[in-house]
Amino acid sequence: MEFFSLQPGELQALLLTLKVAATALIVALPIAVLVAYLLARTRFAGHGIVNALVHLPLVLPPVVTGYVLLLTFGRKGAVGTFLENTLGFSFAFNWTGAALAAGVMAFPLMVRPIRISFETVDPKLEEAAKSLGAHRLTAFFTITLPLALPGVLGGAILGFAKAMGEFGATITFVSNIPGETRTLALALYTATQTPSGDLAAFRLTAIALVVAFAALIASELLVRRLRKRVGGGHA
Amino acid sequence: MLDVDITGRVGAMELQAAFKSSGGVTSLFGQSGAGKTSLTNMIAGLLTPLRGRISVNGTTLFDAGKGINLSVQKRRVGHVFQDARLFPHLSVKANLTYARWAGRRPGTRDMDEVVDLLGLGNLLERMPGTLSGGEKQRVAIGRALLSDPRLLIMDEPLANLDQARRNDILPYLDRLCVEAGIPILYVSHSIEEVARLSNTLVILSEGTTPAFGPVADMLARTDLGKATGRHEAGGLLEGKVARINPDWGLTDVDIGGAVLQIPDMAAEVGDAVRLRIRARDVALALYPPEGLSIRNAFEATISSISSETGPYAEILCSVQGQTLRARITRASVADLDLYPGRNVTVLIKSVAIDRRQRTQMHGEGAKVPL
């Protein structure tokens, strides 16, 4: 039986991974929705630059992104020093830094499907909402966002998955500290670097598989329910 | 009371529109591409004109000179779009009440009465995706009515429907136009709908409004042939149902002295009706004819003759103070020696007056608030 129960180190890594990924998602998703909406519905000066910036973490080697985060948000980085001095808060070498790295890496994967789903919502519906007295923000929350919800959910799932598995930027930015920044991916990496770590690596792999599978099934059920609610001939 | 005088630009098209209407149903009539939707979007506040002013019942919605430009939300113009634009994720009921819960317009109109007026009772729990085209338009009209509008714009609400669906929805529009109690701007390129529903007709042609006025006068004008479409040209006669002959299936309509007999008409004695008679269905004779199957023949006076080049002449006849329009060949005009002021007998084929061209009259007295 002992084989099937989680060992303390594994449990710690799993819970830390969920905490990091959930935090990254909760903070990054609203920003991703806003950026996706602006990219889909407005044309402003610097539209192309914002679009490129959003997608940058997707094309850069993760180590580069991690290093840029270290240079900016690390102890000696401009933003890092500022935060430390004003709020006494630091991303350096703790789990919030891991969440920041995960959020940044997951951001483009969230923006893309959300933007596409915003683009499929007919802007004329917003016109109709406004003619009925709804202000822009109300029209967004009552019409556009609900209709784009399947895409928002898809982006959230993709982003959460990416955040759970993030490796390169995390290890570069906040290192590999047990209980602080050693997520499942980093723990697995550590196990593979240990001479007798084969069994530990195998167990961690199994845990990752179970978590990923459960998440996929749950999201599929959720999307199906949403589609059904949007209803009839529309879906 | 609708007062529009604006200049605007949409893409490459210059729009210059000026008209006044005393209320009731104002039809904006023009061919596709004439600028109808651009003009309604400017009135609704979805597009901004360059110059001019727009006011409804004394409230200024737009005045470039005074720097007034109310936002879409503040204009309170109910807009029924050609494509209905129902919110697909909301039930019919939530669509109908959208202005109340999302637009913060509590409104004074009773929901039940609107549901009743448009026959929406058993659609309330349905989702828009499951509705037919005609049902969608009725919901869209109800949604606009319940948004507490000071003006209702209906932008070709029947354009995307087949003939059967149009016939389903037209009786609802008849009732709506009489009972809405607010000015309605009805956009259409169908002269039948316009003649049936409206009090005032505004012609829109290539971005300008060459003419506007009471619908019967406008349809009688022969100089607007290009805008109204030659084939559909006709006149309107208003009258009252005087007698019903069930044996023959005929209804007598008194148009103020003369009586027309109309087959298969769903009306009751005393009903005010509006008849549209196409110019090509009217023939003229110098003397009352005998031994003819045409039942509707009565005295009239020629008020004008306009002959263009081509085989046909347009003739306006005065019948008991109303105007009837006839199209006959120029050769006949010459053979019969017709001239303005001459008394003739007009002949109207009974079958030419079909059900769809009849409607309740929109006298001010008939208007009751919902």
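B:R85 is buried, with 22 other C-beta atoms within 10 Å. A residue counts as buried if 20 or more other C-beta atoms lie within 10 Å of its own, as exposed if 12 or fewer do, and as partly exposed in between, with C-beta atoms placed from the backbone. The structure is a predicted model, in which local features need pLDDT of at least 70, side-chain atom pairs count only at pLDDT 80 or more, and totals for chains, interfaces and linings use all residues. Residues are numbered from 1 along each chain as its sequence is written, and chains are lettered from A and ligands numbered from 1 in the order in which they are written.

B:R85 is found in the loop between β7 (77-80) and α3 (92-96) of chain B. Its phi is near 55°, a positive value in a residue other than glycine. Most residues other than glycine have a negative phi. A:F93, not a glycine, has a positive phi of about 55°. A:F93 sits in the loop between α4 and α5 (95-120) of chain A. A:F93 counts as partly exposed, because it has 17 C-beta neighbours inside 10 Å.

Chain A has ten helices and zero strands. Helices (H or I, at least four residues) and strands (E, at least two) are DSSP runs, numbered from the N terminus. The C-alpha trace of chain A spans about 65 × 50 × 30 Å along its principal axes. Of the 235 residues in chain A, 37% are buried. Contacts require C-beta atoms, placed from the backbone, to lie within 7 Å. Among contacts in chain A between residues at least 6 apart in sequence, 74% join residues at least 24 apart.

Helix α1 (residues 8-41) and helix α7 (residues 136-165) of chain A pack against each other. Their axes come within 9 Å and cross at roughly 140°. Axes are lines fitted to C-alpha atoms, for helices over the stretch in contact, and angles run from 0 to 180 degrees between N-to-C directions. The angle makes α1(A) oblique to α7(A). Angles under 35 degrees count as roughly parallel, over 145 as roughly antiparallel, 65 to 115 as roughly perpendicular and the rest as oblique. The contact involves A:T17, A:V20 and A:A21 of α1(A), among others, and residues of α7(A) including A:V152, A:G155 and A:F160.

Helix α4 (residues 78-87) lies largely in the open, because one of its ten residues is buried. Just after α4(A), A:G88 takes a positive phi of about 70°. A:T172 lies in helix α8 (residues 168-174) of chain A. With 19 C-beta neighbours inside 10 Å, A:T172 counts as partly exposed. Leaving aside neighbours within four places in sequence, A:T172 is in contact with A:V63, A:G66, A:Y67 and A:L70.

Between the chains, 22 residues of chain A are in contact with 22 residues of chain B. On the chain A side, α6 (123-131), α7 and α10 (198-230) each supply at least two residues. The most come from α6(A), with seven residues. This side of chain A divides into nine nonpolar, nine polar and four charged residues.

Chain B contains an open sheet of five strands in the order β16-β20-β17-β18-β19, with antiparallel pairing. Two strands pair if DSSP finds at least two bridges between them. β16 (282-285) and β19 (322-329) stand at the edges with a single partner strand each, so one side of each is left without a neighbour in the sheet. The twist averages 45° from one strand to the next.

Strand β17 (residues 296-307) of chain B is joined to β20 (residues 343-348) by six bridges. In this pairing, B:A300 has B:V344 as its bridge partner. β17(B) also pairs with β18 (residues 312-319) over six bridges, in the antiparallel sense. Here B:I302 is partnered by B:C317, and B:I305 stands opposite B:I315. β17(B) and β18(B) form a hairpin with four residues between them. In its turn, B:G310 has a positive phi of about 105°.

Technical notes. Contact = placed C-beta atoms within 7 Å. Nonpolar A, V, L, I, M, F, W, Y, C, P; charged D, E, K, R; others polar.
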